[in-house]
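Subject: Structure for you to look at, with notes

Dear colleague,

I am handing over the structure that we talked about, and below it you will find my notes, written so that you can follow them with the model open beside you. Please read them slowly and look up each residue as it comes.

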Amino acid sequence: MLELIKRYLSREKAPDILRWPFTYSLGQAMIRGRLLRFPYRAAAMMVDYGLEETKKVYNRRLPSVWASAFFPTELLHALGIPVFSPEVAAALVASFGFQEHFLKEAESRWWGRDNCSFHRCAIGGLFSRYYPQPAAFCVSSHLCEGAVLMFSNLARIYKRPSLLLDVPVEQNNDSLRYVTTQLRQLISSLEEIAGLSLQHEKLEEAVANAEVARRAMQKVNDLRLHPASPLTAKEAFSYLYLYFTGLGSRAMPRVYETLAGELQERIRESEQKKDPGRHFRFKLLWLHLPPFYRNNILGYLEEKGARVVFEEFSHVYWESMDPGRPLESIARRMLAHFSYGDINRRIEVIKELAAKYKVDGVIHFSHWGCRQSCGSLRIIRDALHKEGLPFLALDGDCVDNRNYAPGQVQTRIDGFLEMLA
């Protein structure tokens, strides 16, 4: 069936099916009718929400925007503007194995393979008319310079506004005022683009939603400390859709609160049955993102007696948000990311997570084209070696499987696990 879908999507008129809101309504009906199975009810809720948001993007009743991975979506949810994340879409496309057509389309237009494949896949999807043309491109400057350049380029091609949030490296009062001022300007621009007026209570509600989601995310992370926690790294990575697009929505806190409740219940059942679950020789911390196309890296680790017990991207790095001071709260969150600025910020968080989850080693998946993450690998490795933490850098690509060599990856993993033993 999957191969039939892939062949259909390669046809010239295939994008039409993705433009039909009915396609996403059908997906929602299948979820609600339990025709599609999920390991957690929270996952079904998340997919249902994602289909609803995508349906809004394609029915065009409201102007939608493209938002980069770290843009403050609280503003968009407060205004009721549908959010489309091209990076998330690229990951989803890769998970279905459809990315090759998109990548080749971008490369045929001189977007070389040294660029991030998340962005090449997004560009190819837009040029191929699979992805919707937005009313504006919204991007944050921190953590990912490639997104800034891609959004700026596409804004010129499609003659759409490009809204940039410039986030300083320093964390101080001047930076806070600077970002807060820009957030006010962004609201004015979005109001003009969408033909809407932001009600202050809606902005307060969005920040309140983000704070409830933050607490629920932290509860999930704390539950993962339990030896009987069933949540796998692969499952945890799937919730990044909400991390990138859901902050400020009503759905995100509900999904994470549901997930926390389900984890509690399963842990309780394991304790009652006195079932400790499968024992793994080694516990690992995963840095950066995984490959989203079909691969067996995490599965192979488990076959060899090692399990990723936590991921850097699951870390809740920002402090509590005050709905009474919504823009300042969003600005503080934007400035707080541990991977932005001095590399010691990231190293300290890695060491903190390694100690908290009592890991035996650390794996960094070095995504080709992600310079801000990979450029500091030597410094991170040396710092972790001083702490006695073995470190493995796996070179690869999160979206472009043409750069994936399974035999080579397994050989690297085997050598790493032998060192841990």
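This is a predicted model: local features need pLDDT of at least 70, side-chain atom pairs count only at pLDDT 80 or more; totals for chains, interfaces and linings use all residues.

Let me begin with the spaces. Rolling a probe the size of a water molecule over the atoms shows where empty space is left. In this structure the search gives 3 cavities of 30 Å³ or more. The largest cavity holds about 140 Å³ of space, and among its 14 lining residues those nearest the centre are Asn221, Ala236, Tyr239, Tyr256 and Ser314. Helix H11 (200–223), helix H13 (240–245) and helix H14 each bring at least two residues to this lining, with H11 giving the largest share, namely 3 residues. If you sort the lining of the largest cavity by class, you will find 10 nonpolar residues, 3 polar ones and 1 charged one.

The second largest cavity has a volume of about 110 Å³, and it too is lined by 14 residues, of which Ala69, Phe70, Tyr243, Leu247 and Arg333 lie nearest its centre.

Next come the cysteines. A disulfide is a covalent bond between the sulfur atoms of two cysteines. How many disulfides does the structure contain? The count comes to 0 disulfides. For Cys121, the nearest cysteine sulfur belongs to Cys116 and is 9.9 Å away, and because a disulfide needs two sulfur atoms within 2.5 Å, Cys121 is in none. Cys121 is buried, with a relative accessible area of 0%. Cys374 is likewise in no disulfide, the nearest cysteine sulfur being that of Cys370 at 5.6 Å, and Cys374 counts as partly exposed at 22% relative accessibility.

A pair of aromatic rings is described by the distance of the centres and the angle of the planes. The structure holds 23 aromatic pairs, and one of them is formed by Tyr49 and Tyr241, which are tilted, with 6.1 Å from centre to centre and 55° between the planes. Tyr49 lies in helix H4 (residues 41–59) and Tyr241 in helix H13, so this pair ties together parts that are 192 residues apart in sequence. Are these two residues buried or exposed? Tyr49 is buried, and Tyr241 is buried as well.

Phe102 and Tyr131 form another aromatic pair, this one edge-to-face, with 5.6 Å between the centres and 80° between the planes. Phe102 sits in helix H7 (residues 99–107), whereas Tyr131 sits in the loop between helix H8 (117–127) and strand E3 (136–140), so that the pair links distant parts of the chain, 29 residues apart. Why does Phe102 count as buried? Phe102 counts as buried because its relative accessibility is 4%, which is under 20%. Tyr131 is buried too, with a relative accessible area of 8%. Both residues belong to one aromatic cluster, which is formed by Trp66, Phe84, Phe102, Tyr130, Tyr131, Phe137 and Phe151.

Finally, please look at two places where an arginine meets a ring. The charged end of Arg109 sits over the ring of Phe127, at 4.3 Å from the ring centre.

With best wishes

Terms used. Residues are numbered from 1 along each chain as its sequence is written. Side-chain values use heavy atoms; hydrogens and water are left out. Buried means under 20% relative accessible area, exposed over 50%, partly exposed in between (1.4 Å probe, protein chains only). On a 1 Å grid over the protein atoms alone, a cavity is a set of points where a 1.4 Å probe fits but cannot get out, and a pocket is an open set with protein on both sides within 12 Å along at least five of seven lines; lining residues have an atom within 4 Å of a point. Grid points are joined across faces, edges and corners, and a volume is the space filled by probe spheres set on the points. Helices (H or I, at least four residues) and strands (E, at least two) are DSSP runs, numbered from the N terminus. Ala, Val, Leu, Ile, Met, Phe, Trp, Tyr, Cys and Pro count as nonpolar, Asp, Glu, Lys and Arg as charged, and the others, Gly among them, as polar. Rings of Phe, Tyr and Trp (its six-membered ring) pair if their centres lie within 6.5 Å; planes under 30 degrees apart count as stacked, over 60 as edge-to-face and the rest as tilted. A charge sits over a ring if NZ of Lys or CZ of Arg is within 6 Å of the ring centre and within 35 degrees of the ring normal.
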